[in-house]
Each structure stands twice: as C-alpha cells, then as structure tokens.
Amino acid sequence: MVATNDVVGPVSGGESAASTAHLPAPNLHAHNVRLPKATELIDVTAPLLQPNQLEGFRIGVTSDRRSSDLIDAFERRGARVVHAPTLRIAHSEQDGPLLTDTRTLIAARPDILLATTGYGVRRWFEVAEAVGIGSGLTDALADTTILVRGPKARGGIRATGLDDSGMSDSETTASLVDKVLAEYPPGLTIGIQVHGATDEVQLDRLRAVHERVLVVAPYRWIAMDDTDERVYKLVEAICSRQLDCVTFTSAPAVHALFTAAEGMDVYPELIAALQTRVCAAAVGPVTSAPLIAAGIAPIQPTRFRMGALIRLVCEHLEQNMIERIETQNGLVQLRGSTPRKPYVPGLGEASS
C-alpha cells in the first residue's frame with residue numbers, strides 16, 4: 001500500500017492485515033468525518049503546502065522507521081511535533097534466524113516468492129550479501145515466480161536484479177495471498193518475506209493449500225520498554241486534547257497505543273479524544289481498521305503513501321480545524337492553540 005508505505009512508498013508493514021469489512025461504523029458527528037474510502041485525491045499543485053501552513057497545530061507521530069520524513073514535513077510547515085514511537089523495528093541478534101531461514105529457502109528453491117515490503121527485501125539481500133550467500137539467494141530465485149505486495153516491494157526486488165510476475169490487487173498481504181490461491185495450483189513450495197508483525201492468518205491460508213511455506217523475517221516490531229516515557233506522554237497529551245492530530249502508519253502501532261492507554265487506565269478517555277477533538281490520520285485501510293473498530297473515524301488518503309498522508313493532514317487541518325473570527329481589526333484565525341492573522345502566500349501573515 002503503506003505506505004506509503006509513502007511518494008515515498010508503502011510504510012513497512014503498514015498495510016498487510018485483514019479487510020476492514022463488517023467493522024462498526026465510526027461516529028459521524030466527530031470533527032474528522034471523512035471515512036477512508038470517501039477521502040478525495042489531493043491536487044499537489046494547489047496552494048496548500050505553504051510555509052507556516054501548520055503553524056499553531058500540534059501533531060503526534062507514532063511511527064519508528066522513517067518517522068523523520070513525517071516530522072520534517074510537519075515542522076517545515078510550522079507544526080509542533082510530538083514523536084512517540086509505539087513500536088520500534090528490531091533486527092535479530094546477529095541475524096542468526098534470518099540467515100538460517102535464508103539458507104533453507106536457498107536449498108528449497110521455491111516455486112513462488114511473495115515479497116511484502118521494500119525495506120524488508122533490501123535488508124534481506126544486504127544481510128545475505130554480507131555473509132557471502134547473496135549470489136546463492138539470487139540464483140535460487142532466478143526461476144522463481146515472484147509476486148509483490150506493492151510498488152515498494154517491486155522496487156526492492158528489481159534492485160536485486162530480479163523481476164516480479166505480478167502485484168496484489170489492493171497492496172495488502174491478504175490480497176497477495178488471494179492471488180496465489182486463485183491463480184496457482186496447490187502443492188507448491190512458497191517462500192514469503194514478512195514484515196515486522198507476521199500475519200499468521202495469511203500464513204495459515206497458504207499452509208492449508210501448499211506443500212511447504214518458508215518464512216523469512218528481515219525485521220520485527222517490538223514494544224517500547226518501560227524506560228521510554230514518550231508513549232505515556234503521548235497518551236496523556238491525546239487524553240487532555242493537547243494534540244490536534246495523531247498519525248499512524250501501521251495497525252500494530254495503533255494496537256500498541258491502545259495497550260499503553262489500557263495500562264494507564266485511560267483507554268476510554270483516549271478513545272473519546274480520538275472520536276472528537278483529536279484527529280486520527282492513518283496511511284491506509286489496514287492501519288485504519290483498529291481505529292474504526294474502536295468507533296474512531298480516521299482520515300485516510302486514497303493513495304496509501306506517506307507523501308499522500310502528509311498532504312491529507314495539511315489539507316484536513318487547514319480546512320476543518322481552523323476557527324475564523326471576524327473582529328473590528330479584521331479576520332483572526334484560531335489555529336490549534338495559537339490565534340494568528342491569515343497567511344497570505346508570498347507575503348506571510350496579513351498586516352492589520
């Protein structure tokens with residue numbers, strides 16, 4: 001999807017779980033009422049991305065990898081950013097498990113390889129090359145049918161000198177597995193490069209039909225430890241409505257935030273804030289799913305990319321979260337917590 005990932009391509013592992021069908025409807029009276037499939041494409045030539053565009057707004061960022069892309073984009077436009085990764089990417093110690101799984105896959109020479117994330121593919125081949133089995137991995141996959149989840153995974157595969165034979169319909173792991181089950185005969189050896197949070201449901205679907213399913217995990221997500229107080233401060237800031245927007249780039253990051261709130265005994269307060277005053281922004285439908293299930297109506301770009309997410313947040317805050325008040329001295333804007341005169345492109349704030 002992510003992403004994104006962003007374009008910047010899919011966010012690693014951000015859009016890979018089950019569909020959002022049959023989830024309860026979010027509160028349509030909340031300020032952020034644009035449902036995922038109703039969000040319009042944003043014209044990048046429109047005069048929306050301006051310096052100081054987000055001045056007065058406070059935005060929370062929950063991602064770990066590539067969080068600097070979001071933070072820099074928002075801060076360049078004047079926002080104050082609270083960065084609190086709810087999960088972080090971890091690599092296996094000395095990559096032992098990854099190398100063992102890679103050698104197994106090389107020996108098996110799979111019939112089909114499913115590549116799910118660009119970052120995962122790149123890291124997988126870099127680790128293999130570092131220990132001298134990179135050429136063996138490339139050779140083992142030379143005659144393999146390679147299917148990719150989205151454009152970033154395709155880019156990762158092509159960077160290795162290999163090529164893919166197709167992409168999933170909706171840039172999710174579920175739709176990638178759908179493609180395999182619908183278009184290929186049973187009893188094959190399937191290799192799958194998974195992202196940070198392994199989707200066992202999709203693996204079980206493959207195992208039920210195919211003779212052998214080999215999994216390689218170049219990275220994994222782990223929860224932040226108790227010594228990192230940023231997540232707790234983020235939860236407090238959301239509950240007290242001190243933020244205007246919080247961005248999410250993976251469903252596990254949403255679950256981790258909810259878990260932290262439950263541990264602090266403020267889960268109802270967190271949900272209430274995200275249903276009303278604090279806008280939740282998700283990179284794609286899978287990331288949106290746990291938010292919608294909790295009765296929250298996230299905003300979501302039509303292209304599941306980080307660049308589109310940035311533009312959408314800017315557009316949404318400007319169009320929906322600025323109070324404009326006429327006074328005897330002219331128009332005053334209440335942007336987040338900071339009242340200011342209107343911003344005029346090329347001139348800065350209008351003079352009184």
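Contact, in these notes, means heavy atoms within 4.5 Å. Helices (H or I, at least four residues) and strands (E, at least two) are DSSP runs, numbered from the N terminus. I am working from a predicted model, where local features need pLDDT of at least 70, side-chain atom pairs count only at pLDDT 80 or more, and totals for chains, interfaces and linings use all residues. Residues are numbered from 1 along each chain as its sequence is written, and side-chain values use heavy atoms, with hydrogens and water left out.

**Entry 1: the whole chain**

I looked up the overall make-up and got twelve helices and 16 strands for the protein chain. Of its 352 residues, 54% are buried; buried means under 20% relative accessible area, exposed over 50%, and partly exposed in between (1.4 Å probe, protein chains only). I noted an accessible surface of about 15000 Å² for the protein chain, with 50% of that belonging to carbon and sulfur atoms. Those areas come from the Shrake-Rupley method with a 1.4 Å probe, and for residues only the protein chains shown count as cover.

**Entry 2: helix α11**

I went to helix α11 (residues 285-293), which is mostly covered, with seven of its nine residues buried. I wrote these down as Val286, Thr287, Ser288, Ala289, Pro290, Leu291 and Ile292. What covers the buried residues of α11? The cover includes β10 (245-248), α9 (251-263) and β11 (279-282). Just after α11, I found Gly295 with a positive phi of about 85 degrees.

For helix α6 (residues 173-183), my list of buried residues reads Thr173, Ala174, Ser175, Leu176, Val177, Lys179 and Val180. Their cover includes β4 (112-115), β5 (145-148), β6 (166-167), β7 (189-193) and α7 (200-207).

Pro186 sits in the loop between α6 and β7. Is Pro186 buried or exposed? Its relative accessibility is 57%, so Pro186 counts as exposed. Leaving out neighbours within four places in sequence, I see Pro186 in contact with Val209 and His210. I also checked Pro186 against Arg207: they are 21 residues apart in sequence, and their C-alpha atoms are 10.0 Å apart in space.

**Entry 3: α3 against α5**

Next I looked at helix packing, where axes are lines fitted to C-alpha atoms, for helices over the stretch in contact, and angles run from 0 to 180 degrees between N-to-C directions. Helix α3 (residues 118-130) and helix α5 (residues 151-159) pack at about 20 degrees, with their axes 7 Å apart. The two are therefore roughly parallel to each other. For the wording, angles under 35 degrees count as roughly parallel, over 145 as roughly antiparallel, 65 to 115 as roughly perpendicular and the rest as oblique.

I have the crossing of α3 and α5 down as right-handed. A crossing is left-handed if the near helix is turned anticlockwise from the far one by less than a right angle, and right-handed if clockwise. On the α3 side I found Gly118, Val121 and Arg122, meeting Lys152, Ala153, Gly156 and Ile157 in α5. By class, this contact has three nonpolar, two polar and two charged residues.

I found α1 and helix α12 (residues 306-320) packed at an angle of about 30 degrees, their axes 11 Å apart. That makes α1 roughly parallel to α12. This crossing is right-handed. Asp69, Leu70, Ala73 and Phe74 in α1 meet Met306, Leu309, Ile310 and Val313 in α12. I sorted the contact by class into seven nonpolar, no polar and one charged residues.

Ser63 is in the loop between β1 (58-61) and α1 (67-76). Ser63 is buried, at a relative accessible area of 6%. Neighbours within four places in sequence aside, its contacts are Leu70, His83, Pro85 and Thr249.

Helix α8 (residues 230-239) and α10 pack at about 55 degrees, axes 8 Å apart. That makes α8 oblique to α10. I noted a left-handed crossing for α8 and α10. Val235, Ile238 and Cys239 in α8 meet Glu269, Leu270, Ala273 and Leu274 in α10.

I then picked Ala273, which lies in helix α10 (residues 267-275). Ala273 counts as buried, with 0% relative accessibility. Not counting residues up to four places away in sequence, Ala273 touches Ile238, Cys239, Arg241 and Val278.

How values were computed. Nonpolar A, V, L, I, M, F, W, Y, C, P; charged D, E, K, R; others polar.
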